[in-house]
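The exercises below are meant to be worked with the sequence and the structure side by side. Try each task before reading the solution that follows it.

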Amino acid sequence: MSTMKATSYTPTQHHCAVCPKPIGQRYLMCFEHWALVPPEQQQAVNQTWRRYMGCQLPRLASGMRLLDGYRTARQQAIATAAAAINATATTTQGETQPCL
């Protein structure tokens, strides 16, 4: 008899775009990292995603442009969160201080 090891991962989960924390499929990042993204960028990610999902023919050129818009907004949000993490890590290590 074979026994399978249970995992906490379910098919409706994936991981945060910035860290390995499991999150629900409908989210891009865990709460801690999403909070590092400015509201304007959060809105851009959400709005471009909704536009793409509302598109009637997503595989046509117009739909692909909408998807490209989402991908761009998503990558900018991920880069912003990663930069904030790196800035915090550098500051806490005492190597450099950000210019204010």
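Predicted model: local features only at pLDDT ≥ 70, side-chain atom pairs only at ≥ 80, totals over all residues.

**Exercise 1.** Locate M29, state whether it is buried or exposed, and list what it touches beyond four places in sequence.

*Solution.* M29 is found in the loop between β2 (22–24) and α1. Its relative accessibility is 4%, so M29 counts as buried. Not counting residues up to four places away in sequence, M29 touches C16, A17, V18, I23, W34, V37, A77, I78 and A81. For one of these residues, V18, the separation can be given in two ways: M29 and V18 are 11 residues apart in sequence, and their C-alpha atoms are 6.7 Å apart in space.

**Exercise 2.** How many aromatic pairs does a search of the whole structure find, and how is each to be classified?

*Solution.* The search finds 2 aromatic pairs. In the pair of W49 and Y52, the ring centres are 6.0 Å apart and the planes stand at 45 degrees, so this pair is tilted. Both W49 and Y52 lie in helix α2 (residues 39–53), where they are 3 residues apart, about one turn of the helix. In the pair of W49 and Y70, the ring centres are 4.8 Å apart and the planes stand at 55 degrees, so this pair is tilted. Here W49 lies in helix α2 whereas Y70 lies in helix α3 (residues 61–93), and the pair therefore ties together parts that are 21 residues apart in sequence.

**Exercise 3.** Which residues do the ring pairs link into a cluster, and is each of them buried or partly exposed?

*Solution.* The cluster that the ring pairs form consists of W49, Y52 and Y70. Taking the residues in turn, W49 has a relative accessibility of 37% and counts as partly exposed. Y52, with a relative accessible area of 16%, is buried, and Y70 is buried with a relative accessible area of 11%.

Notes: Residues numbered from 1 in each chain as written. Heavy atoms only, no water. Phe/Tyr/Trp six-rings, centres within 6.5 Å; stacked < 30°, edge-to-face > 60°. Helix = DSSP H or I, 4+ residues; strand = E, 2+ residues; numbered from the N terminus. Buried < 20%, exposed > 50% of the residue type's maximum accessible area, 1.4 Å probe, protein only. Contact = heavy atoms within 4.5 Å.
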